[in-house]
Amino acid sequence: MPAVVLNFGASDPDSPLSSDFEEVSYPSSTTQAEQLPLYHMEEKARHRRTKGPNVDGDVYDIPELMMHDDEGKDVYHKLRQTRTGMGGGRARQAPLPPPTSIREFLLQNLEHIPPVVYTLLSCYTRYHKIGWANVVVWDEAHFGKFGSHYLKREFYFDVHPPLGKMLVGLAGLLAGYDGSFEFKSGVQYPDTVPYVAMRVIMATFGVAMVPLGWYTAVELGMTQWACHLVALMVLLDVGWLCISRFILLDSMLLFFTFLTVFCLTKFHNQQYQPFSFDWWLWLTMTGLSIGWVTSVKMVGLFVTALVGLYTIEDLWDKFGDLKMPVRDQLKHWGARIACLIVLPILVFMTSFKIHFMVLNHSGPGDAQMSSLFQANLIGNDFKRNPLEIAIGSKVTLKNVGYGGGLLHSHVQTYPVGSSQQQVTCYHYKDDNNQWVLLPPWDKPSYNPNGPLQFLQDGDVIRLSHAPTTRNLHSHNIPAPISKLNHEVSCYGNETVGDFHDYWVVEVVDDTNRGSKEHVDKIHSLTTRLRFKHKNLGCYLRAANAVLPQWGFKQIEVSCTNDNDPKDVHTYWNVESHWNDRLPAGDAKFYKSPFLRDFWHLNVAMMTSNNALVPDPDKEDILASKPFDWPFLHLGLRMCGWGDNQIKYYLMGTPVIWWGSSLSLIVAILSTGVYILRSQRKYIDMESREWEHFLYVSKIAFLGWALHYVPFLIMGRVTYVHHYLPTLYFSVLMFGHLLDHFIFSSKRLTNQKKMIAFGVISSVIVLTFWWFRGVAFGIDGPIADHKGLQWRKSWNIYNN
């Protein structure tokens, strides 16, 4: 290729084409493929050369240039690369002809033999000795019990969305389990509980992680060497292996995370043929995967954010394509909105709809839901409540705020403030939730044989705690947590009290009758109320502030001076209602719409999840910090550690965790070096190689960051298993960098690449074999198993 000397001096002023810009002549044809600017080289990377002794300036090898015809949309000629969709990913291959024989079919599908082998190996590792521990291990106590609730159709409450737990219930149904076991931690499984079959079904999700890891590496355009290493790391990490072998949600969360990344990479590789069948298929599958992973745990929102960032970059790239018609632009936007926003939301909502349909009986989680929702559960007697509330009625009062509980008191007193009887909000049914509506002290006492006095807007009442007869009371003493609010307590008895016991009833609205103007009498379940302290002018409020251990971690109730009519935490409704003088209600008055129940449960889930903060009053030996995870500073004992117990220690295969974490640092440094060298006009890679390097690096690094960084700012308690979805992206980065620097290197011979592959794979296999016991189970005294504590911070041994 001829050498061209670039002269950047002033142009000839006598030239008729002279301007402020250098004039470059281009061939007139615009039908050929567009090429890159001067610094691009098609066949080999161009390196900057030092100038020779007889040449003024730098000398470059420059290929032939083609002009981009922008049809007059810009006054200056634009040099741009041919747009064939976002770069990177698996190179396109021509479709093979249909096979004419079994031999030809096998030859065409040889690439699928390695993932089949890895899948069989995964079946061995996931199922081997899976029933050895015949006791309830770790969080099987939670998720096994939730599966039991589905089989008994009892409503329960948990901080996670329902899909994974419904699948646990389905596993129990398929295994022949009847839902009668309580799943108490450490208790031995009876013969009537097919726990091995349930574990096998859960472990099948872990089995599928391995082929998904292989095919994702293939779709990311890695060489076969790197694909093998990614599959080996997914297969042989003892963390992923251990967590997949029990009745937990994590195997499903990991599976759907892997599936989402795989579908995204498949869709990326269909970008060259937009709106084709395969393009729609994988875009739809990506949307479904987002819905599924988010319906297992809200952690799925992190991989959803990765898909969202990819989509934003994709649409931005298309927005800059001046050749793309506006109609196609709109079709791309519409397709993304339909498949990546609407479809996942529908999947997420559908899981809750099924959840509500299955759990249609009253159960232990009723109190977390609205009173109207509970009234429609089989076995709940709310719908038989007397409809209209009267003085003398015994009631429970439900806070309408999301995550609100029942107004509650108990004999324990405040250790601070007034030292009077505590008043809290409690999320479970209890006799201490019951209150009697009575007239104020300056009015005649309630006469059970006198005329009925129905409760109305503006009435002044006392609320007497039924079990202790003390009166709901507030005074000018700061609340224990919300210091700007007044303390609420219980004071006096049936004959002792004062004007601080007076509360004014204010109607907000009614679910059935509408605004307060249409509410003549207060109804149970449907009428929303506020209670204003007559003397202080403050409002009874419960806003999910959690009391310390002396308050049994229940919700603080205070009296706020802020008169915000829209503050739902000051709204209450009558839930249970007892009055022998009034007729029973009618179920037709109590209908709870799905969207309201869906929203209420999700807010209650998030509120409860945020309340899972570390307890300063006690040490959680299982918890760990996010900074402990990347380099495996601390593991987790999943069960008892006695000499006669089967022991499981949740950690990772060290070389996999350490290597993948280091690869993130190397990726940042190498990308920075490449960018700096590019700015100095060094070209280290061809354009497609650079696009591929950036594409895989962005998927891996952003996926890791989006899953890891949120835990740094969370206030909730964290454990090492929270890092397991994050680990996948660092493993992809590890495989990507090994591929980039070793297996795709043009400087290394095949023999050296084989040696490198053999060394790396051997180290992974041998390390897994050394630590296999932490996942398969350790029997006997732990001290008999030497050499497992590679870091002093690991609490494997009792020292």
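This is a predicted model: local features need pLDDT of at least 70, side-chain atom pairs count only at pLDDT 80 or more; totals for chains, interfaces and linings use all residues.
Biologist: Which residues line the largest cavity?

Modeller: Tyr-156, Asp-158, His-160, Pro-162, Lys-165, Phe-352, His-355, Leu-601 and Met-605. Helix 11 (326–358) and helix 13 (594–610) are the elements that give two or more residues to that lining.

Biologist: What is its volume?

Modeller: The largest cavity has about 50 Å³. The structure holds one cavity of 30 Å³ or more.

Biologist: Back up a step. How many helices and strands are there in the protein?

Modeller: The protein has 18 helices and 17 strands. It has 799 residues, and 51% of them count as buried.

Biologist: What share of the contacts comes from residues 24 or more positions apart?

Modeller: 74%, taken over the contacts with a separation of 6 or more.

Biologist: Give me one residue as an example. Where does Phe-743 lie?

Modeller: Phe-743 is in helix 16. Its relative accessible area is 3%, so Phe-743 is buried.

Biologist: Which residues does Phe-743 touch, leaving out those up to four places away in sequence?

Modeller: Thr-223, Trp-225, Ala-226, Leu-229, Leu-738, Lys-753 and Phe-757. Met-222 is 521 residues from Phe-743 in sequence, and the two C-alpha atoms are 9.0 Å apart in space.

Biologist: Now helix 14. How far apart are its end C-alpha atoms?

Modeller: They are 38 Å apart. Helix 14 runs over residues 654–679, and at 1.5 Å a residue its 26 residues should span 38 Å, so the two values agree.

Biologist: Which residues of helix 14 are buried?

Modeller: Pro-654, Ile-656, Trp-657, Gly-659, Ser-660, Ser-661, Ser-663, Leu-664, Ala-667, Ser-670, Thr-671 and Tyr-674.

Biologist: And what do the buried residues pack against?

Modeller: The buried residues of helix 14 pack against helix 6 (224–236), helix 15 (687–713), helix 16 (724–743) and helix 17 (750–771). Helix 14 is followed by Lys-681, which has a positive phi near 70 degrees.

Biologist: Where is Phe-275 placed, and where is Leu-632 found?

Modeller: Phe-275 is in the loop between helix 8 and helix 9. Leu-632 is in the loop between helix 13 and strand 16 (636–637).

Biologist: Change of topic. How many salt bridges does the structure hold?

Modeller: 17 salt bridges. One of them joins the side chains of Lys-297 and Asp-250, at 3.5 Å from N to O. Lys-297 is in the loop between helix 9 (277–296) and helix 10 (300–319), whereas Asp-250 is in helix 8 (residues 250–268), so this pair, 47 residues apart, links distant parts of the chain.

Biologist: Are Lys-297 and Asp-250 buried or exposed?

Modeller: Both are buried. A further salt bridge brings together the side chains of Glu-388 and Lys-521, at 4.0 Å from N to O.

Biologist: What does Glu-388 count as, and what does Lys-521 count as?

Modeller: Glu-388 counts as partly exposed because its relative accessibility is 26%. Lys-521 is at 25%, so it counts as partly exposed.

Biologist: Which residue forms a salt bridge with Asp-510?

Modeller: Arg-513, with the closest N and O atoms 3.0 Å apart. Asp-510 is buried because its relative accessible area is 3%, and Arg-513 is partly exposed at 22%. Elsewhere, salt bridges that share partners join Asp-314, Lys-318 and Arg-336 into one network.

Key:
Residues are numbered from 1 along each chain as its sequence is written. Side-chain values use heavy atoms; hydrogens and water are left out. Helices (H or I, at least four residues) and strands (E, at least two) are DSSP runs, numbered from the N terminus. The expected span of a helix is 1.5 Å times one less than its number of residues. Buried means under 20% relative accessible area, exposed over 50%, partly exposed in between (1.4 Å probe, protein chains only). Contact means heavy atoms within 4.5 Å. On a 1 Å grid over the protein atoms alone, a cavity is a set of points where a 1.4 Å probe fits but cannot get out, and a pocket is an open set with protein on both sides within 12 Å along at least five of seven lines; lining residues have an atom within 4 Å of a point. Grid points are joined across faces, edges and corners, and a volume is the space filled by probe spheres set on the points.
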